[in-house]
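User: I would like to learn how to read the main features of a model like this one, beginning with the contact between the chains. Could you take me through them one at a time?

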Protein chains: 2
Amino acid sequence: MNMQKSLDRIRELTGEIYDLKAAVALLEWDQEVYMPCNAAEGRARQMATLASLLHEKEISAEYAGLIESLNPESFPEDSAERHLVLKLQKNLARNRRISASLAGRLAGQAAKTQSAWMEAKASADFSRVEKDLKELIDLKKEYASLFPEAACPYDALLDDYEEGMTSASLDRIFEPVRRELPDILKEILARPQPDDSFVKENIYSGEDQMKFCRDVVSAMGYDWSCGRIDFTEHPFTTNFGLYDVRITTKILEKVPLSCIFTCIHECGHALYEQNICKDFDRTPLADGASLGFHESQSRLWENLVGRSAEFWHAFYPVLKKYFPKQLEGISEKAFLRAVNNVNPGGMIRTESDEVSYNLHILLRYDLERALFNEGLSVRDLPGCWNEKMKEYLGVRPANDSEGILQDVHWFCGLFGYFPTYALGNFIGAAMMEKIDRDHPEFRQEISRGNLAPLKNYLSEKLYCLGAMYSPAETWRRICGDEALSSRSFLCYLKQKYLAD
Amino acid sequence: MNMQKSLDRIRELTGEIYDLKAAVALLEWDQEVYMPCNAAEGRARQMATLASLLHEKEISAEYAGLIESLNPESFPEDSAERHLVLKLQKNLARNRRISASLAGRLAGQAAKTQSAWMEAKASADFSRVEKDLKELIDLKKEYASLFPEAACPYDALLDDYEEGMTSASLDRIFEPVRRELPDILKEILARPQPDDSFVKENIYSGEDQMKFCRDVVSAMGYDWSCGRIDFTEHPFTTNFGLYDVRITTKILEKVPLSCIFTCIHECGHALYEQNICKDFDRTPLADGASLGFHESQSRLWENLVGRSAEFWHAFYPVLKKYFPKQLEGISEKAFLRAVNNVNPGGMIRTESDEVSYNLHILLRYDLERALFNEGLSVRDLPGCWNEKMKEYLGVRPANDSEGILQDVHWFCGLFGYFPTYALGNFIGAAMMEKIDRDHPEFRQEISRGNLAPLKNYLSEKLYCLGAMYSPAETWRRICGDEALSSRSFLCYLKQKYLAD
């Protein structure tokens, strides 16, 4: 078979794999959004059946043979074809290292541990999930050992979420955060704190919250003909191909900022996916450059745009139109201060402000690295968690439920995932620093409610690339030769919170 | 492999097939209910990929070999196992007769014809779809020819929707309808017609319509933990396994009866599926006995219960509670008469009353039988349609849009399907006649708003059986030795509309 024929057949088979992935994603979306409660067991079986079909297809002899038969270098440099073949070869190599037995044991133990976690969290008792978590971690260690080329077990895990990232790099990136952030936080808290009671004690109707959120998301450039918003307990963005990118959110009637910033955050993810080059649809290139890059866009829109003075100059009047009574007598400035309230006393990462947030991540990074590289025992985890909370954030969880049990990630086997959240913050700040330097006019447009110039810039520079390039190469193309770091992010915080 | 082991493996593979079918059904449901418009092309491809995977699995060598290796008679008489094996063998035999080439051409031509139909309907011009329809019919003839044991080509098609049904039987069943119904209709229309302007001209808020519909559907025994209601242009019932049976409906603010009877109708289908023996889940036994039996339940609930005096005695006060102004001064009796208004002047089957309805079906039956058995040409179809409308219903469509183009069925290849709608009416009436005789107390309970005795009876006698028995055997078990006929149905109409 000649090269073009092989590639055509690979595209066909890859398309089928991505159609199946879309069906799995729809089963998951529906489970979170609309599925009636008693359908859960059947749904789990449907997803398991499709997942195993998917795995079969991904390692089928024909598919694997075709992928291996191609030489990426025979395609033009920097062509989508070359990048596609490289990506397929990398994925295939990874899939092949993992035996069906280990994959099955990992999936099974993850499901079991997640169930145990739900009970443990409900009863605020880590000991109920300790044994399962230990077994899951042992399986993840076995998994990590399949990648002996990694400098340490934790690096093998990291690479799954952030290709090429290592704990050495993370240590370097985190170092200034670790050194400076606790002091920045203290200094902010030493100042008078804003009153934000009006966005915590009044009732804001869900219907009007959503009207405002739809206005904002539309202004961001969300393409409603290729997406929609629904409601879930834990908001997320998903896609069933590049023409169907959906957001979910959650309404708290007394806390309107929750739904607003959730919508902006998820829309940031969605803008990324909706603007990937459509030629990449149904291939592994139809994705973000990495989880870090994906999160950089949700956080850029949520914090660097959505919590800015310019943004609320344009949108506070719109919000007041929907909630004239609730916001009566609240000036734009007072509102902006409430939106940027810093409160490290909250124990929960997902509810934390943009200053405290990365300390929550740092804590998790320290602990998961210690688990995989330094033999920290699972039994000692809750104690270490609580000590680190005290050290980084000055507070101590009252129980395991608001401590180590707050996030599901570890209990379904996601180790090495948390750092990508922090990387998202750092990448987003670096991009915005460059944008403010190169295009100061964007901020003026934002203050007029025109978000299109920023969105178009991001689409052209980042979104349209999809997963064509590695995270490192994507970074280089956008931010140049300066190494990825937390510098811009720390500058941003100091500038915003401590300048005046 | 011994028998039990073979059966276990068959169950496993069948379960996977039904998981895939559930995923396909979810893709379809989402397409009708929530999918954003630009996702259509991708969704079609996803469904095509899953359909072809499904076909592969259904005729895989392992699966086929196992199914053929079993002797149904080695399982206890009347056991679910024996019926399952029989059904699987029948399905396999059918699937094997159809070449991949014919299946592909049929699916392709059906999709093409359906597209052409949409354009033809929009412009009320049959000639735009004539050629495609002719090709589709030729393919259906080729398909019918694969079943030479059928007495005529049309019988081969019928069997797909109503196992064992023949045009000879249908002719016998339809004969009294053909003879008596036009006169019954004339006699009804000679009487003074009720005023139903209050359910056609006032505004009934969609929200309150749905509150009422939820009350009714709950009273019918719809299990909300295994289902939900959403909104679509063309309402339907679907399931993703027996624990997830969903209804859709449609709201017209000026025509509240539309949504109410749609909900009752679809809930009739849903009750059937929700009450199939749960052991049958993920097998072909988890279905109605036939399309006719399925429709018998939607129509039994919609018409024989939902348009009865007893039903509205209980539910009219509930409806008035939601719409006090719109129904001010309208007595229960006046409302009941409005609910049973007969209006054959409507050209549209789906909007027709229960008296006219079967004449719409008879017309379609005559024409499709003539197409397949008697060489009626596609070119002559619209003219024949219009003549038959005049003959059966006394009206003539103004154009093809409200004539031959009104239903999608033929244009996506469903020939032999329409008669099951009439059979549903006849089976439902026969069942209700028996129920009224054996359990006169059910009507009293209905007039108190207690629909449970009827629902429990139907569950026990029919729903729980699923597709275990053939339609003929199912009929025999419920209605005894009297042959399936339209007798009870015609009695019901005469009793209801002409008795006083």
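**Reading the interface and the salt bridges**

Analyst: The area buried between chain A and chain B is about 2,700 Å², and carbon and sulfur atoms give 61% of that area. The size of an interface is often given as the accessible area lost when the parts come together. Please keep in mind throughout that this is a predicted model.

User: What pLDDT does chain A average, and what does the model score for ipTM and pTM?

Analyst: Where pLDDT is low, the predicted coordinates should not be read in detail. In this case chain A averages a pLDDT of 95, with 100% of the residues scoring at least 70, while the model as a whole has an ipTM of 0.93 and a pTM of 0.94.

User: How many residues does each chain bring to the contact, and how many salt bridges are found across the interface?

Analyst: Chain A and chain B each bring 33 residues to the contact. Side chains of opposite charge can pair when their charged atoms come close. Across this interface there are 4 salt bridges, and one of the pairs is Arg43(B) with Asp244(A), whose closest N and O atoms lie 3.5 Å apart. The count of residue pairs in polar contact between the two chains, with both residues at pLDDT 80 or more, is 12.

User: Which elements give two or more residues to the side of chain A that touches chain B?

Analyst: Those elements are helix H1 (3–33) and helix H2 (40–58) of chain A, and H1(A) gives the most, with 9 residues. By residue type, the side of chain A that touches chain B divides into 17 nonpolar, 5 polar and 11 charged residues.

User: Where does Ser225(B) lie, and what does Ser225(B) touch?

Analyst: Ser225(B) lies in the loop of chain B between helix H9 (206–220) and strand E1 (229–231). Leaving aside residues up to four places away in sequence, Ser225(B) touches Pro36(A), Cys37(A), Asn38(A) and Ala39(A), together with Tyr243(B). The side chain of Ser225(B) also makes a polar contact, at 2.6 Å, with the side chain of Asp223(B).

User: Turning to salt bridges over all chains, what does the count come to, and which residue does Asp78(A) pair with?

Analyst: Over all chains the count comes to 95 salt bridges. Asp78(A) pairs with Arg477(A), with an N to O distance of 3.4 Å. This pair links distant parts of the chain, since Asp78(A) sits in the loop between helix H3 (61–69) and helix H4 (80–97) of chain A, whereas Arg477(A) sits in helix H19 (residues 471–479) of chain A, 399 residues apart. Asp78(A) has a relative accessible area of 38%, so it counts as partly exposed, and Arg477(A), at 38% relative accessibility, counts as partly exposed.

User: Which parts of chain A does the pair of Asp171(A) and Arg369(A) tie together, and is Arg369(A) buried or exposed?

Analyst: The side chains of Asp171(A) and Arg369(A) meet in a salt bridge at 2.5 Å, N to O. Because Asp171(A) lies in helix H8 (residues 167–189) and Arg369(A) in helix H14 (residues 357–373) of chain A, the pair ties together parts that are 198 residues apart in sequence. Arg369(A) counts as buried because its relative accessibility is 15%, under the cut-off of 20%, whereas Asp171(A), with a relative accessible area of 33%, is partly exposed.

User: What does Arg178(B) meet in a salt bridge?

Analyst: Arg178(B) meets Asp366(B), at 2.9 Å from N to O. Here Arg178(B) in helix H8 (residues 167–190) and Asp366(B) in helix H14 (residues 357–373) of chain B are 188 residues apart, and the pair links distant parts of the chain. Arg178(B) is partly exposed at a relative accessible area of 30%, while Asp366(B) is buried at 6%. Salt bridges can also share partners, as in chain A, where Lys90(A), Arg94(A), Asp159(A), Asp160(A) and Glu163(A) are joined into one network.

User: Why does Gly268(B) count as buried, and what does Gly268(B) touch?

Analyst: Gly268(B), which lies in helix H10 (residues 256–274) of chain B, counts as buried because its relative accessibility is 0%. Not counting residues up to four places away in sequence, Gly268(B) touches Met220(B), Gln297(B), Ser298(B) and Trp301(B).

Definitions and conventions. Residues are numbered from 1 along each chain as its sequence is written. Chains are lettered from A and ligands numbered from 1 in the order in which they are written. Side-chain values use heavy atoms; hydrogens and water are left out. Contact means heavy atoms within 4.5 Å. Buried area is the accessible area (1.4 Å probe) that two parts lose on being put together, summed over both. A polar contact is a pair of N or O atoms within 3.5 Å; within protein, one must be able to donate a hydrogen and the other to accept it, and residues adjacent in sequence count only if both atoms are side-chain atoms. Helices (H or I, at least four residues) and strands (E, at least two) are DSSP runs, numbered from the N terminus. Ala, Val, Leu, Ile, Met, Phe, Trp, Tyr, Cys and Pro count as nonpolar, Asp, Glu, Lys and Arg as charged, and the others, Gly among them, as polar. pLDDT is the predictor's confidence in each residue, from 0 to 100. Buried means under 20% relative accessible area, exposed over 50%, partly exposed in between (1.4 Å probe, protein chains only).
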